[in-house]
Amino acid sequence: MSADTWRPYILTLVTFAPLLGGLLLILFPRRDRDIRIFALVISLLTFVLSLHLPVYFDRAQADFQYQVDRQWVSAPNIHYHMGVDGISLWLVVLTTFLTPLCVLISWKSIHGRVKEFFILLLILETALIGVFVSLDLFLFYFFWEATLIPMALLIGIFGHERKVYAAVKFFMYTMIGSVFMLAAILWLYAHTGSFDFVTIRERIASGAVLKFPAAAQWLFLGFFLAFAVKVPLFPFHTWLPDAHVEAPTAGSVLLAGVLLKMGTYGLLRFNLGLFPEQSRQNAWWVMTLALIGIIYGALVAMVQPNMKKLIAYSSVSHLGFVVLGIFSFTQAGLNGAMFVMLAHGVSTGALFMLAGILHERRHTYEISEFGGLASPVPVYAATYLVIVLASAGLPLLNGFIGEFLVLSGAFQDKAVYGILGATGIIWSAVYLLWMYQRVFYGKVTHAVNNSLSDLSGFEKVAIWPCAAAALVMGVAPILWLAAIDPAVQAALNPLVRVASRMVGP
Amino acid sequence: MISETALSQTMLATIVPAFSQSLPQAADYVRILPEIVLSVFGMIVMVLEPLLDEETGQKILGVIALLGTLAGLGATWLMAQSPGLAFWNMVQVDGFSIFFHVLVIAIAAVVILSSYEYMAVQRIRAGEYYALILFGVVGMALMSSAIELVLIFIALEISSISSYVLAGFRRNDAASAEASLKYFLLGSFATAFFLYGVALMFGATGSTNIARISQALQAGPIPLPAYVAVAFMFVGLGFKVAAAPFHVWTPDVYEGAPAPVVGFMSTAPKAAAFAVLLRVVFVIDVPGIFWIIWVAAALSMTLGNVSAMVQDNVKRLLAYSSIAHAGYLLVAFAAAPAIGTSAAMFYTAAYAATNLGAFAVVTHFANAGERYVTLEDYEGLGRSSPLLAATLTVFLLSLIGIPMTGGFFAKFYVFSAAVKANLIWLTVIGVLNSGIGAYYYLRIIVMMYMRESRKEVPVTPVPFALALALAACMAATLYLGLFPGGVLQYAQDSAQQLVGRARPNLPSSTPTSAIAGTP
């Protein structure tokens, strides 16, 4: 079969393969080993299938590809409309890349209710992919809400001491944030008669939507609130540290690696795509919040005694960069934002895995419980170093490229944004390296740490791909940016038009 | 000859329908066939009850009642073949009434299925239980097809009186007796309001026929008593659907009444009362009713959700949740007729499937004497009885309004209708409430999955009848969540009929684009 015959089906296949696997798992007998192997096979299969997307992706084209558009419900006019462009393409691959690693890292650490764990993980994967490939606003909301339940259950059932509190907090924050988006979507539907993203975008741009100018600011805010909670943008971030600290490792990896990107992806796709004028008008305070997030997140991360909380706050800081890049409305800024999303997914995902490994051995995340680990667990320490440096933005590793692009975009917009944002890089080096120093250098402070075992085979297989990806992304970013760039340019076009109109005569 | 027809028409226009003019035709009986069939089966149950011995009798009577509901569904199919008016314009068979016939009879079937085990466990031996359910359904079915206020009142009473008795069926339990008495006293009060409203409406317009009232009101300036009449009727119906501020009875009655009866009460009579309300609101269009509904909707959603948050008894929690859901439903009433009607119809169906399922699980879990109905009893259910817990979870997610369940589309349509009618504030209140509401449903899920059980709660295996009931509810919930198109299309068509017939002057372009949207 040639690639073309696959074209209309590949997205459906990639999206629902994990769900299908999860449903099959229900029928499995409770033999943990079989369940783990099956989950791994399914998630790897999904990853391989998803590689079809970048391989046959037409990089010259900015439009959505692999589209499928069928009527799902006739009234209301809901379509099963999926497609990817350079923006969503890599987020799908990021999701399918991280899931098998999550399966591997949970291989030994999940003991009770193994079946439920992997079923939830696979359902979550389907929902996450669905969010990125949906081009129908209804379908998008459908998947968006569908991510909530498996994630909340993963945290609530398999988490640590305060898991219930964290799960409910996570659920309520996101739920209440997203109902405003639902109201905005309903408004758009009522006034355009369509849920189709492309159609609505065209109608708004051509001025065919009545009453739009009066409602646009509210609609912008409706979408923005849902996404800002998810990102999480300061001051909506308070659910994040709780959720991360209590979540099982795989949950944290997907939460930081992919779930947070749902928010930034939404800002980029919907707020910028549908409301270019309002995005321009609101950019100043959104960027201010992003800057506060970058600096505040970093400062709070610095003083955390808990390693996982530190990584969680570093996410607040890094995601601030993404929002800063998006609302700079420059080619470089948007490219950078996209790249930070991917880089953060890989390196923070790996950081959470590494923290989880330590927790498995010592049952604590307290930094003060460790010290001088470099001698008992050298391989672990070396791997950790690579990931820390990637996260801190060392050149030749993935963090650098994205942050550099974002900052150059921010400078183009207003120098002060760039200057303040740039301090974030310094802060991130400070908190990450300081943490690294306290954990790994010096003498072994706690005798119990002398007998720590180094990375096991499973753990190596789970983390080294991330390290490798961090290196490749740092050396050859063009592999990713080639697809991102045209899509970003297309996303910017209406904004540029708006700007010329606003400045104009 | 001609003058005679003219005379008869004027007579029809006056108070008394001309009974002597013509005797009921066969078609008239076909148009109330489901009611007849259900009554006959109800009477069979009553007659057989003393003849059978207590132990085996229960099962047989239950099976007869179940057959009765199935026969009722068959009769509805026959009825659907001959739409039209019957019994001197008192009964109307149209898409709207067929929809509610199927709904209430199906609800009764599921309730009967989930009652078998309950009656055995609680050691309640009374065949009239099943007969009362069947008679109640007769009243509810009639409510949905009656287009004459007096007949509506009679149907309302038939359904109410059987619910009063059913609420007190755990005879030797004080809470149940309290529930029954409370329900009876307040309920009679409310129906009296309704009757007063009917009388006033008759005084204001000279008719009790809905269509004729609507004509009279459209013809000239609206007399003051008509406003009062509609408000009074709303009080009566608002009580039946447990809408705030007429909701205070709900938690106590739901807590005391037997669990399967609560499942029944919270769905079937509500659906029927909403059907009446739809006809009254959209056909008798009185300005001002909009604001009454607006306020009642906002109040019900907010009070229901906020109060539900602090409940520790699952039955009480679900009672408050049902108040909140009545609020969501009323949002649809505040929207424009055609869009709102179909959204409300879909909502009643989705809510019925979901809530019945939830109560079926609660029924099973409550055990003898309804001992296990607090939230703490649900701790660790996910481990001790995974399938039952998963089933309840699906129903709770549907009540929250999570995608892939009927509850999601139900809320979606309602809010969509509200936005379409430009009720932005009501929509915002609604969506915010549905966000807050997630909290207390989530509490139950948290109890089941994220806590270890601290005390020994026996979970008996699910018997076949209950499994069947649960499967039916589950199938309906998921079907409405994945393929809502069919039911919604039906609801839209019949809403169109209803509104188009009653108010032909309404611009026909608005309803077509209802929820459908321009292709």
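What does the secondary structure of chain A come to? The count is 20 helices and two strands. Helices here are DSSP runs of H or I with at least four residues, strands are runs of E with at least two, and both are numbered from the N terminus.

A word on the source. This is a predicted model, where local features need pLDDT of at least 70, side-chain atom pairs count only at pLDDT 80 or more, and totals for chains, interfaces and linings use all residues. Residues are numbered from 1 along each chain as its sequence is written, and chains are lettered from A and ligands numbered from 1 in the order in which they are written.

Confidence next. pLDDT is the predictor's confidence in each residue, from 0 to 100. Chain A averages 87, and 98% of its residues score at least 70. Helix α1 of chain A, residues 3–6, is lowest at a mean of 70. Helix α5 of chain A, residues 114–133, is highest at 91.

Now the overall fold of chain A. The C-alpha atoms fill a box of roughly 70 × 55 × 45 Å along the principal axes. Buried residues make up 61% of chain A. Buried means 20 or more other C-beta atoms within 10 Å of the residue's own, exposed means 12 or fewer, and partly exposed is in between, with C-beta atoms placed from the backbone.

One helix deserves a look: α2 of chain A, residues 10–27. Its 18 residues should span 26 Å at 1.5 Å a residue, and its end C-alpha atoms are 26 Å apart, which agrees. The expected span is 1.5 Å times one less than the number of residues. Where does α2(A) bend? At A:F16, by about 40°, and the proline A:P18 follows within four residues. The bend is the angle between axes fitted to the seven residues ending there and the seven starting there. A:P18 is buried, and other buried residues of α2(A) include A:I10, A:L11, A:V14 and A:L25.

On to chain B. It has 23 helices and two strands. A compact globule of 519 residues would have a radius of gyration near 24 Å; chain B has 22 Å, which agrees. Its C-alpha trace spans about 80 × 60 × 40 Å along the principal axes. Of its residues, 61% count as buried.

Two residues in chain B. B:A465 lies in helix α21, residues 464–482. It has 18 C-beta neighbours inside 10 Å, so B:A465 counts as partly exposed. Leaving out residues up to four places away in sequence, B:A465 touches B:L113, B:Y116 and B:E117. Touching means C-beta atoms, placed from the backbone, within 7 Å. B:F483 sits in the loop between α21 and α22 of chain B. With 13 C-beta neighbours inside 10 Å, B:F483 is also partly exposed.

Technical notes. The radius of gyration is taken over C-alpha atoms; the globule rule is 2.2 Å times the number of residues to the power 0.38.
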